[in-house]
Amino acid sequence: MENRSRNYGGFMRNVIDAIRTRKICIGSWIQINSPTVAEIMASLDYDWIAVDCEHTDITITEFSNIIRAMHGRKSIPFIRVRENDELAIRQALDMGAQGIIVPMVHTADQARKAVLAAKYPPEGIRGFCFSRMNDWGVNFDEYAQKANDSITVVVMIESKEAVNNIDEILEVQGVDGVFIGPYDMSGSYGCVGQIDNDLIIQAQKKVIESCNRYNKSAGIHIVLPTEQNITDAIEKGFKFIALGVDVVYLRESAKRAIEIIKDIK
């Protein structure tokens, strides 16, 4: 995972290419609104770090400060946008996100909407501007020429409807991969929180099999990573894998410390 190189416009091609060629690509998740946390996380050996703007209070301004802290470090910045919205996607990309994860995509039309928002014309409807992603216009031409091929679009499959429509979603040109949301999926299958329920396991299997047929990366978030569940995910065929999340890392480390002192006392 150390073979990362900047070929142009700040893009780290190896991570993007890994997703598109279905190589294993390991990232993590940020929910704490702190550039310091992002700086620490991005200095580790994760290929990518996703900033969660759906389930947190992180605004677009705060997101831009978070990825400034990541700039030049080991991990490239992804974002889970707050919703499948043209403006939310455009602003995230203009601030320098190199990959977007779009929540609650249930149909091919919704997947197509996300792709259109992420691509410049003629492939999409993204607006041109001077902003952070092109060094405020200094690299405008280079960025504009390369961006459509260099922005990763991952859509979240987190409902029974999305699983039923998975083939049609994967047929959408510009969708590079999918990312399973197991907890939301469990709710749509009527087994809330039971992510090991056979219904969810079979739904995930269906998604992975479709990704294999369409040559797209299947992703999942392992919130509490262990050697066993990471190995299991890879053996199942997941390629785009998020390990942990900053809030859980903080809680678990703090919990272990207090448990140690209790044992000493």
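**Entry 1**

I looked up W29 to begin with: W29 is buried, at a relative accessible area of 2%. I noted the cut-offs: buried is under 20% relative accessible area, exposed is over 50%, and partly exposed lies in between, with a 1.4 Å probe and protein chains only. The model is predicted, so local features need pLDDT of at least 70 and side-chain atom pairs count only at pLDDT 80 or more, while totals for chains, interfaces and linings use all residues. Residues are numbered from 1 along each chain as its sequence is written, and side-chain values use heavy atoms, with hydrogens and water left out.

Next I turned to aromatic rings. The rule covers Phe, Tyr and Trp (its six-membered ring): two rings pair if their centres lie within 6.5 Å. Planes under 30 degrees apart count as stacked, over 60 as edge-to-face, and the rest as tilted. How many aromatic pairs does the structure hold? I found nine. The pair of W29 and F179 is stacked, because the ring centres are 5.6 Å apart and the planes meet at 5°.

I then checked F78 and F240. They form a tilted aromatic pair, 5.7 Å centre to centre with 45° between the planes. Again the link joins distant parts of the chain: F78 sits in strand β5, F240 in strand β10 (residues 240-243), 162 residues apart. F78 and F240 are both buried. I also noted one aromatic cluster, formed by W29, W48, F78, F179 and F240.

**Entry 2: the barrel**

I took strands and helices as DSSP runs numbered from the N terminus: helices are H or I with at least four residues, strands are E with at least two. Strands pair if DSSP finds at least two bridges between them. In what order do the eight strands close into a barrel? I read β3-β4-β5-β6-β7-β8-β9-β10, with parallel pairing. From one strand to the next, the twist averages 25°. For that angle, axes are lines fitted to C-alpha atoms (for helices over the stretch in contact), and angles run from 0 to 180 degrees between N-to-C directions.

I followed the strands in turn. Strand β4 (residues 48-52) runs parallel to β5, and five bridges join them. V51 stands opposite I79 in β5. Strand β5 (residues 76-80) and β6 are also parallel, joined by three bridges. R80 has I101 in β6 as its bridge partner. β6 pairs with strand β7 (residues 152-157) in the parallel sense over four bridges. There the partner of I101 is V154 in β7.

Are the faces of β6 (residues 99-102) buried or exposed? Both are covered: G99 and I101 are buried on one side, I100 and V102 on the other.

I also traced a right-handed β-α-β unit made of β5, helix α4 (residues 86-94) and β6. Right-handed means that, with the strands pointing away from the viewer, the path from the first strand over the helix to the second runs clockwise.

**Entry 3: two loop residues**

P225 lies in the loop between β9 (217-222) and α11 (227-236). At 31% relative accessible area, P225 is partly exposed. I looked for its contacts (heavy atoms within 4.5 Å). Apart from neighbours within four places in sequence, P225 is in contact with I230, L243, G244 and Y249.

G237 lies in the loop between α11 and β10. G237 is buried, at 13%. G237 touches I208 and A218, leaving out residues up to four places away in sequence. From G237 to I208 the C-alpha atoms are 6.5 Å apart, across 29 residues of chain.

**Entry 4: cysteines**

I searched for disulfides (cysteine sulfur atoms within 2.5 Å) and found zero. C25 counts as buried, at 1% relative accessibility. C211 is buried as well, with a relative accessible area of 1%.
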